[in-house]
Amino acid sequence: MPVNEAEVLAAIVKAAEDSLAKARPLDCADLALDATARALRKSGRSMRLRTRGPGDDPPPYEVPSNLDAKAFEKKLRFVQMMVGAIHLVDDDLLTISVPFKDLKPGDLVVQKTQPHREYTGHVMVVVSNDPTEKRLTAISGHTRGKPPTKDERTYQELQASAFGGGGRRWRWLEISPGP
């Protein structure tokens, strides 16, 4: 059974908003992974993330939907340690590039760098998008125990720093092939 994209995207936004409201100290990629795993679990689906690594074909990192709450949290934390922002821009495995104007709430924007820092890969969960005004609102997690923030950005502000010059959408068949 395919993923109900609209339902899962709405649940991703809700989970990101919950993290914001509770000031949960998650870094940016962890917030996106957390929201996505919880959204998929809510719809009875598991999350499976493949990454590239040394060797032939490393096994995927999985967060099964049928785990009890404690085991789910433990498995999710392990996956968050193993998968980072740089993995979320892999066109072949996890996400695809989407123009800013076509982003839906629940999609991602992955920046190459943060303007105030010198590091690669900052992930934002889109919570609203206004193609007419060419701006979106997104929730980001942060490192060093800082709570998430919600910011409005113009497409122009994001254009130069976004991987692929746009946003990202999960490859649903790859990351959640079934329950």
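Predicted model: local features only at pLDDT ≥ 70, side-chain atom pairs only at ≥ 80, totals over all residues.
Here, "buried" means under 20% relative accessible area. With that in hand, α2 turns out to be mostly covered, with twelve of its 15 residues buried.

**Helix α2 on its own**
- The buried set in α2 is made up of Cys-28, Ala-29, Asp-30, Leu-31, Ala-32, Leu-33, Asp-34, Ala-35, Thr-36, Ala-37, Ala-39 and Leu-40.
- Length checks out too: 15 residues at 1.5 Å each should give α2 a span of 21 Å, and its end C-alpha atoms do sit 21 Å apart.

**Helix α1 on its own**
- An α-helix has 3.6 residues a turn, so residues three or four places apart point the same way.
- Just after α1 ends, Ala-23 takes a positive phi of about 55 degrees.

**How α1 packs on α2**
- Helix α1 covers residues 5-21 and α2 covers residues 28-42; their axes come within 8 Å and cross at roughly 130 degrees.
- That angle makes α1 oblique to α2.
- The α1/α2 crossing is right-handed.
- On the α1 side, the contact uses Val-8, Ala-11, Ile-12, Ala-15, Ala-16 and Ser-19. On the α2 side, it uses Leu-31, Asp-34, Ala-35, Thr-36, Arg-38, Ala-39, Leu-40 and Lys-42.
- By residue type, this α1/α2 contact splits into nine nonpolar, two polar and three charged.

**How α3 packs on α2**
- Helix α3 (residues 69-82) packs against α2 at an angle of about 145 degrees, with the axes 10 Å apart.
- The α2/α3 crossing is right-handed.
- From α2, the contact takes in Asp-30, Leu-33, Asp-34, Ala-37, Arg-38 and Arg-41. From α3, it takes in Ala-69, Phe-72, Glu-73, Leu-76, Arg-77 and Gln-80.
- The residue types here come out as five nonpolar, one polar and six charged.
- Asp-34 and Arg-38 of α2 take part in the contact with α1, and both also turn up in the contact with α3.

**Two buried loop residues**
- Arg-45 sits in the loop between α2 and β1.
- Arg-45 has a relative accessible area of 4%, so it is buried.
- Arg-45 and Pro-179 are 134 residues apart along the chain, yet their C-alpha atoms are separated by 4.2 Å.
- Thr-51 lies in the loop between β1 (47-49) and β2 (61-63).
- Thr-51 comes in at 9% relative accessibility, so it counts as buried as well.
- Setting aside neighbours within four places in sequence, Thr-51 touches Pro-58, Tyr-61, Val-83, His-87 and Leu-93.

**An exposed loop residue**
- Lys-134 is in the loop between β5 (120-130) and β6 (135-140).
- Its relative accessibility is 52%, so Lys-134 counts as exposed, given that the cut-off for exposed is over 50%.
- Beyond neighbours within four places in sequence, Lys-134 is in contact with Thr-154 and Tyr-155.
- Lys-134 and Lys-146 are twelve residues apart in sequence, while their C-alpha atoms are 28 Å apart in space.

Technical notes
Residues numbered from 1 in each chain as written. Heavy atoms only, no water. Axes fitted to C-alpha atoms, helices over the stretch in contact; angles between N-to-C directions. Helix = DSSP H or I, 4+ residues; strand = E, 2+ residues; numbered from the N terminus. Parallel < 35°, antiparallel > 145°, perpendicular 65-115°, else oblique. Left-handed = near helix turned anticlockwise from the far one by under 90°. Contact = heavy atoms within 4.5 Å. Nonpolar A, V, L, I, M, F, W, Y, C, P; charged D, E, K, R; others polar. Expected span 1.5 Å × (residues − 1). Buried < 20%, exposed > 50% of the residue type's maximum accessible area, 1.4 Å probe, protein only.
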